[in-house]
Structure formats: C-alpha cells, structure tokens
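Student: Can you walk me through this one? I'd like the fold first, then the packing.

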Amino acid sequence: MTQHHPPPGGKRADPTPAAFQALLARDPANELCFDCRRANPDWTSCAFGIFICENCAGKHRELGTHVTRVRSVRLDEWEPSQLTVFQKGGNTALDRFFREFEVTHLDTNEKYQTKAADYWRVQLKAQMNHTDCPDPRPTKSEGREMADHYSSAKDRQAQLASRIQGLGNSNFEQATKPPKPSGCCVAM
C-alpha cells in the first residue's frame, strides 16, 4: 500500500479558491451580490446556488436553515461535490427564474419564502442528485405566493405564543422550534 505524504508545510493544497475563480469567470453576475449587487461577494447561499455579500449573508441567516444555508467562500472548507450547486445554479440563473415569477422586487424575507423560491431549491437539489424534481412547477401567480409552510413574522409569533402557552418549562425548547416544512421542500 502506498503512503501519501502531505506536501512540505504539512497541508494539502486547497483547490477551493481556484474552483470559485472558475465559477466567477463562468458567470460574471456571480461577481456581484445577488441581493444588493455589491461587488466581490464572499458568501454563498448553498440552497439557492448564489453568491452574496456579508451583509446579505446576515439577512439569509435570519431566514433560518430551513430556508437557506450560508457559507463563506474563503473561511469554510468545501468539497468539490459541494460546488456543483453553483454550476447548476448561479446568480444569472436564479435572477432569470425570479424575473419569470416577478419576485425580484420583494425584500429578502419575502422573496426566499415564495413558492417560486421553494421550487427553485427543490429542483436544484434534484439536479444535484440527478433525479427528477418531485414538485410540480408553480404557475406564475402561484410562484408569487408564500409557500404553505412559511407565514408572516406576525403569524409565526402568534403560533409560537400559542404553542408556549400550553406547555410547561420542560417543553419550552420543543415549543420554540419552528414547524418543519412539509414534503421535500427543505433547504440543502
């Protein structure tokens, strides 16, 4: 059996920076934050396959991991297989898709919780897994609607208050967990 020794310095070369450079060159729109158009975004939304700036990454984090997962281009370690989402997605592709459903004007909190966004996430995951998308594509008007498993912040607060009211302290953690999305509409 052949032993592999690390190169001088003790670490293997990280192919990630070169891989991201190739993704940026492939789609110049990736060189701008998808949400606010700032130059040189250093963060990504893995669920949507897009590049975003640090400020917008914070907004995505507020949406929760059931909607999107945020990772740093520079700080996180990436496996080559994880980069596939950006080859299948990318800022131009999602922008084209959102324009089709007329949701580009919505704020971050609304846009990523529409049925169109839900469908994008599910079909992107299906592409990565080399399977058919299990969900039907929404119509243009359906795509602008909030996905069934999301609700407004006011509704979520009311739901949470109601769930907490009927529980004792021992069950508080269970009450504060957001409801899980139904079906396959989960973030990657």
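**Packing in the predicted model**

Tutor: Start with Tyr 112, which counts as buried because its relative accessibility is 0%. Bear in mind that this is a predicted model.

Student: What does Tyr 112 touch, neighbours within four places aside?

Tutor: Leaving those neighbours out, Tyr 112 is in contact with Phe 34, Asp 35, Phe 48, Ile 50, His 60, Leu 63, Val 67, Leu 94, Phe 98, Ala 117 and Arg 121.

Student: And which residues touch the most other members of the largest nonpolar core?

Tutor: Phe 48, Leu 94 and Tyr 112 do, in a core of 34 residues. The elements giving two or more residues to this core are α1, β2, α2, α3, α4 and α6. The most come from α6, which gives five residues.

Student: OK, back up to the fold. How many helices and strands are there?

Tutor: The protein chain has nine helices and three strands. Along the sequence the pattern reads α-β-β-α-β-α-α-α-α-α-α-α.

Student: How much of the chain is buried?

Tutor: Of its 188 residues, 38% count as buried. The accessible surface is about 11600 Å², and 50% of that belongs to carbon and sulfur atoms.

Student: What about contacts across the sequence?

Tutor: Take the contacts between residues at least 6 apart in sequence: 61% of them join residues at least 24 apart.

Student: Let's do α1. Which residues are buried there?

Tutor: In α1, residues 16-26, the buried ones are Thr 16, Phe 20, Leu 23 and Leu 24. They are on the same side of the helix, because they cover an arc of only 100° around the axis. Ala 18, Gln 21 and Ala 25 are exposed on the other side of α1.

Student: Why would residues three or four places apart point the same way?

Tutor: An α-helix has 3.6 residues a turn, so residues at that spacing point the same way.

Student: Pick a residue in β1, then. Buried or exposed?

Tutor: Thr 44 lies in strand β1. With a relative accessible area of 0%, Thr 44 is buried. Beyond its neighbours within four places, the contacts of Thr 44 include Phe 20, Ile 50, Phe 51, Ile 52, Val 70, Trp 78 and Phe 86. Arg 69, Arg 71 and Val 73 are also in contact with Thr 44.

Student: Now α2. Which of its residues are buried?

Tutor: Cys 56, Ala 57, His 60 and Leu 63 are the buried residues of α2, which runs over residues 54-63. Seen down the axis they fall within an arc of 105°, so they line one face of α2. Glu 54 and Glu 62 are exposed on the face turned away from that buried side.

Student: And what is packed against that buried side?

Tutor: The buried residues of α2 pack against β1 (43-45), β2 (50-52), β3 (70-72) and α5 (108-111).

Student: What follows α2?

Tutor: Gly 64 follows, and its phi is positive, near 100°.

Student: Change of topic: how many aromatic pairs?

Tutor: The count comes to 12 aromatic pairs. In one of them, the rings of Phe 97 and Tyr 119 have centres 6.2 Å apart and planes at 15°, so the pair is stacked. Phe 97 is in helix α4 (residues 91-100) and Tyr 119 in helix α6 (residues 115-128), so this pair ties together parts 22 residues apart in sequence. Phe 97 and Tyr 119 are both buried.

Student: How do Phe 98 and Tyr 112 pair?

Tutor: Their ring centres are 5.8 Å apart and the planes are at 65°, so that pair is edge-to-face. Phe 98 lies in helix α4 and Tyr 112 in the loop between α5 and α6, so the pair ties together parts 14 residues apart in sequence. Phe 98 counts as buried, at 0% relative accessibility.

Student: Which residues do ring pairs link into a cluster?

Tutor: Phe 34, Phe 48, Phe 97, Phe 98, Phe 101, Tyr 112, Tyr 119 and Trp 120 are linked that way.

Student: Which charged residues lie over rings?

Tutor: Arg 37 lies over the face of Phe 34, 5.6 Å from the ring centre. The charged end of Arg 61 sits over the ring of Trp 43, at 4.8 Å from its centre.

Notes. Residues are numbered from 1 along each chain as its sequence is written. This is a predicted model: local features need pLDDT of at least 70, side-chain atom pairs count only at pLDDT 80 or more; totals for chains, interfaces and linings use all residues. Side-chain values use heavy atoms; hydrogens and water are left out. Buried means under 20% relative accessible area, exposed over 50%, partly exposed in between (1.4 Å probe, protein chains only). Helices (H or I, at least four residues) and strands (E, at least two) are DSSP runs, numbered from the N terminus. The arc is that of the directions from the helix axis to the C-beta atoms. Contact means heavy atoms within 4.5 Å. Rings of Phe, Tyr and Trp (its six-membered ring) pair if their centres lie within 6.5 Å; planes under 30 degrees apart count as stacked, over 60 as edge-to-face and the rest as tilted. A charge sits over a ring if NZ of Lys or CZ of Arg is within 6 Å of the ring centre and within 35 degrees of the ring normal. Accessible areas come from the Shrake-Rupley method with a 1.4 Å probe; for residues, only the protein chains shown count as cover. A nonpolar core is a set of buried Ala, Val, Leu, Ile, Met, Phe, Trp, Tyr and Cys residues joined through side-chain atoms within 4.5 Å.
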